[in-house]
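Welcome, and please open your viewer. We will go from stop to stop, selecting one part at a time.

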Amino acid sequence: MAVKPHPTASKDVRSSLGLLEFRVLGPVEAIVAGQPVPLPAAKPRALLAVLLLSRNRVVSVDRLIDDLWGEEPPDTATKALQGYVSQLRKALGPDRVVTKPPGYSLRVEAGELDLDRFELLVREGRELHTAGDSKAAAQRLGEALELWRGTPFAEFLAEPFAREAGARLEDTRLAALEERIEADLALGRHARLLPELEELVAHEPLRERPRAQLMLALYRSGRQADALELYRRTRETLSEELGIEPSLELQELERRMLQHDQTLERARTPARPADDSAPIPLTRRPQVLVLAALALAAIAAVIAAVALTAGGSGKSTSGSGELRSFVDKLEGFLVQSQEGRQAVAAAVGGAFSCKLTPSVALARLDRVQRNRQSLLQQAAALSVPNTQEALRASDLLQQSVHASFSADGHYSDWLAARKRCGPPDKSRDLKAARAADRTATRTKRMFVAVFDPLASRFHQRTWTAGDF
């Protein structure tokens, strides 16, 4: 596929250079006057690739030998390298590959390398998007992506340099693709993006930005349940594969969806700098503070959030619609907490029965604690109706999570001190953990006594202290 030079490249300069082009965004190629330069041997083409990556800079002979042959080069490597340089000079012109101690440099003019044109187009696209011209940004970023012809350096997988350099280039392509999708979302093209985003998430399961974009596209397409289910699967994937929670940005997006944040429906047309109602891109939003083990601080944040919600709107929030939404969201929190309780019981019980080693049980318990931190963050952001029963339920839920968190900590300490599996020793029993469990159970009973009557109004299930 012929690569069209970007308009910013001077036609006169390109003509004076004989229309020489270099391509690395796919199979490595050199094009002279529209015709590929014949470089059939793998090593000379690999040398061209290495020099193109360091264009206009001197690459030492030692570095070139390492890149082409690795840690055990043949004794003839230096002489072979000189031969490959000679082949490149014959194909590209004697003034292109320059000998400069301690090695060689490949001269590449502006606009000759597809990677340079790609980076220029991406930079311009980002600037246009920041300036509010999403339509032009999407077009420019699309032009950048059209320069790609395949996987970079796939033909050099046996060469030491190729894997790292190819992965680095692929990452820049994915970043540009995410930027173009961001511009398309701002233009209201969420429906047409769904197949592309689903495929991207399937191929890049650990990249969070495409998942956030797919969540937003699903939400704007009227598929809120699918968007929230995607978040749940994302959390499971990141926890199982990497042992981490979703980013604060992704957690913030889920919170806004649960609250039906109206700004998520905006940005269907290009934002303008003067338009104060345009939503801030997700990556630029203030991050939510991590409410980790300091659960009392989390409770204070909830109380503050409740006060703002109840008193700052200037109108009553006790309508049945908002109360139903509140009950539904607490129901979701309880389901998540129930899964955590089951995981704690399985981890501790597994260590007792020797189905798990203490270290494995501890790792599973740590995962539950991270999930409880996420639960605290969600609850801290919850909009609570201005009724006594709703406010009381919210406060007691926070106290219940805090008490459960404290009990988990005692179990974690016990597991960390264990060198072998089995029931607790008489001298080092779980008295503190069991006391914390009893405190948590009392608090949860108080919570369900308040919450169950609320849930019954909307035909929701009722709960017991042992359920979560």
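Start by selecting E5 and E6, which make a hairpin with 2 residues between them. Strands here are DSSP runs of E, at least two residues long, while helices are runs of H or I of at least four, and numbering goes from the N terminus. This is a predicted model, where local features need pLDDT of at least 70 and side-chain atom pairs count only at pLDDT 80 or more, while totals for chains, interfaces and linings use all residues. Residues are numbered from 1 along each chain as its sequence is written, and side-chain values use heavy atoms, leaving out hydrogens and water.

The 3 strands form an open antiparallel sheet, ordered E4-E6-E5; strands count as paired if DSSP finds at least two bridges between them. Strands E4 (59-60) and E5 (97-100) are at the edges with a single partner strand each, so one side of each has no neighbour in the sheet.

Finally, colour by pLDDT, the predictor's confidence in each residue from 0 to 100. The protein chain averages 78, and 79% of the residues score at least 70. Select residues 1-18, where pLDDT stays under 50, then residues 267-318, where pLDDT also stays under 50. Where pLDDT is low, the predicted coordinates should not be read in detail.

Notes
Contact = heavy atoms within 4.5 Å.
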